[in-house]
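Morning, everyone. Please bring up the model and keep it in view while I talk.

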Amino acid sequence: MMLREDALRAIYPHLEERIVVTIMGAVAAELYTLGHRHNFFYLEHAMGMASSMGLGIALAMPQEKVIVLDGDGSLLMNLGTLSTMARYKPRNLLHIVFDNESLLSVGGFPTATSTGTDLAGIARASGIPQVMEAETPESLNAAVAQALESNMLTTIVAKVAAIGPKTFHMDLPLLENRFQFKRSLEARK
Amino acid sequence: MPVSVTNSRLIYEALKACDIKIVSALPETWLVHLLRMADEDPDMTLVRVAKEEESVGISAGAHLAGVNSAMLMQNHGFLAAINPIVSLAMLYKIPLLMLISQRGHWGEKDPWQTQGGLVTEPILRALNIPTWHLTNPADVPRRIKDAQTLALASHHPVAVLLTRELMWED
């Protein structure tokens, strides 16, 4: 099964210059280790809110592409976000869900996707206009390229292994990240 | 419908005077005119959320993108949004302008509203969220502007409670 670290490495060139909001835990730590940028925001708590933040940014900055890196545990805590995103369909929002079927960062408890809940199916049924699935870094990279090209609200569900980094430590205080990120967004106006 | 159109208009104009560009809301009776005004205004983005938690994320995103926003919700919606208020807005020093309809308080006839009405203010106090009870129409522009100013200066959520006296005509 695909490692999230390899998936992130494959799509990093798409993320590098774009506004990115990640969830907490392994996703944040792995993206940070690949190469932190001031245009990356790591939401270190408030599970479920990364996609809502991405929606807020996408509506506030329609000229910029916004990429949300979500997870199965986080998305399951805020499934309503799919119906809200689908209602407004911002063309500049790309929602990527790394589904490792586990609440990895809080102890590795299996989530409902491990017993058959289908997040891509829920996204489609919620009305997200373009939903794709990816099983390899190559297919994820192709899906991301297509989503960005199509200029259409997209959710991509990428199945990944429930393996994370040895440590979730990031040498970046939350507030430093927050103010850095805001400045970097303001510089794009 | 006995929700005050006049006072809803006053509140909406006060939000416009604060340069609010995004309003997120979960529809409820007392907010019906405000939502219609936001919906009909081509310069306003109205986001109808499925649950009030989402509004915290939307306002946080809008703030980091340099756009002023406001949240419209019932006090029970505020109760539903407490975790992200604490672990997104407060943790990351994000200003929130929350307009909260205060159901279940003075004059409430519906028993099901009363438990939320009883706990709203103690919880706002426990969270150290500055709160203004908006009762007098003459206060509306000043207090909403003051709430936004304090939120932006303190990087903290603030609450304006929309009371029965202001919102309901019966």
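Start with one pair of residues: the bridge partner of Ile22(B) in β2(B) is Thr45(B). Strands here are DSSP runs of E with at least two residues, helices are runs of H or I with at least four, and both are numbered from the N terminus. This is a predicted model, where local features need pLDDT of at least 70 and side-chain atom pairs count only at pLDDT 80 or more, while totals for chains, interfaces and linings use all residues. Residues are numbered from 1 along each chain as its sequence is written, and chains are lettered from A and ligands numbered from 1 in the order in which they are written.

Back to that bridge. Strand β1 of chain B, residues 22-25, pairs with β2(B) in the parallel sense over four bridges. Two strands pair if DSSP finds at least two bridges between them. Now zoom out. Chain B has an open sheet of six strands, ordered β2-β1-β3-β4-β6-β5, with parallel pairing. Which strands sit at the edge? They are β2 and β5 (131-134) of chain B, and each pairs on one side only. On average, neighbouring strands are turned by 20° against each other, direction ignored.

Over to chain A. Its open sheet also has six strands, in the order β2-β1-β3-β4-β8-β7, and the pairing is parallel. β2 (40-42) and β7 (130-134) of chain A stand at the edges with a single partner strand each, so one side of each has no neighbour in the sheet. The twist from one strand to the next averages 15°. Three bridges join β1 (residues 19-22) of chain A to β2(A).

Next, two helices. α3 (residues 50-60) and α5 (residues 80-88) of chain A pack at about 15°, with axes 10 Å apart. Axes are lines fitted to C-alpha atoms, for helices over the stretch in contact, and angles run from 0 to 180 degrees between N-to-C directions. α3(A) and α5(A) are therefore roughly parallel (an angle under 35 degrees).

Last, the chains meet. The contact takes 27 residues from chain B and 28 residues from chain A. Contact means C-beta atoms, placed from the backbone, within 7 Å. On the chain B side, β2 (45-48), α3 (52-64) and α5 (82-90) each supply at least two residues. α3(B) gives the most, with ten residues.

Notes:
Contact = placed C-beta atoms within 7 Å. Parallel < 35°, antiparallel > 145°, perpendicular 65-115°, else oblique.
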